[in-house]
Amino acid sequence: MIYKRLYIIAIMDLQHATLGTLLRALLDQLDPAVEQAYRDLQLDYRPRYTPVLRTLMAQGPCRIKDLALACGLSHSALSQTVAAMVRDGWLHSVIGEDSRERILQLSPHALRAVPALQAQWQATAHAARSLEADLGQSLEQVLRSALQALEQRPFAQRLREAREG
């Protein structure tokens, strides 16, 4: 009963929510479900590890700078994720030719987990298509289009124009 009441309050609050709140609420629905799916597989794995793992699976060992570029993430954001992945046993870091550079590679643990992860990624993609079918449009395409539009005209510029206009 309490859960149902909290859910109704949350839905009512979202009726008046702003864009940022709605985006966070969407992620608050998606991420815990995906994290639970990994726990169900007895994997200590976070959804934020996926772009790193997939990139290293496709490209092989690489520098963090190159990995950040391939993943579309900032160096600092990726550094935090990589540190967690090394700590959790998903990646190994080795010294490159230049002693200042680190080369990241998948750990044996990560390589053993790849089949289970790939199966989960397929299930996640299937669940996302199910959500998109309920929506009647591709959420992924809407998000990609929004990001592309923001590359052309950043939100800060849009805010300035709204204040001036």
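pLDDT is the predictor's confidence in each residue, from 0 to 100.

**View 1. Confidence along the predicted chain.** What you're looking at is a predicted model. The protein chain averages a pLDDT of 89, and 92% of its residues score at least 70.

**View 2. The start of the chain.** Over residues 1–9, pLDDT stays under 50, and the model gives this stretch zero contacts beyond four places in sequence.

**View 3. The largest nonpolar core.** Here 25 residues come together, and Y45, V52, L53, L56, L67, W90 and L117 have the most contacts inside the core. Two or more residues each come from α2 (19–40), α3 (50–59), α4 (64–71), α5 (75–87), β3 (102–106) and α6. Nonpolar side chains tend to be buried together in soluble globular proteins.

**View 4. Around W90.** Leaving aside residues up to four places away in sequence, W90 touches quite a list, including L43, Y45, Y49, M85, L106, H109, A113 and L117.

**View 5. Helix α3 and what follows.** T50, V52, L53, T55 and L56 are buried in this helix. After α3 comes G60, with a positive phi near 85°.

**View 6. E132, a buried charge.** E132 is part of helix α6. E132 is buried but has no salt bridge, and R129, the nearest side chain of opposite charge, is 6.8 Å away. Beyond four places in sequence, E132 touches Q137, S138, L139 and E140.

Notes. Residues are numbered from 1 along each chain as its sequence is written. This is a predicted model: local features need pLDDT of at least 70, side-chain atom pairs count only at pLDDT 80 or more; totals for chains, interfaces and linings use all residues. Side-chain values use heavy atoms; hydrogens and water are left out. Contact means heavy atoms within 4.5 Å. A nonpolar core is a set of buried Ala, Val, Leu, Ile, Met, Phe, Trp, Tyr and Cys residues joined through side-chain atoms within 4.5 Å. Buried means under 20% relative accessible area, exposed over 50%, partly exposed in between (1.4 Å probe, protein chains only). Helices (H or I, at least four residues) and strands (E, at least two) are DSSP runs, numbered from the N terminus. Lys and Arg count as positive and Asp and Glu as negative; His and the chain ends are not counted. A salt bridge is a side-chain nitrogen of Lys or Arg within 4 Å of a carboxyl oxygen of Asp or Glu.
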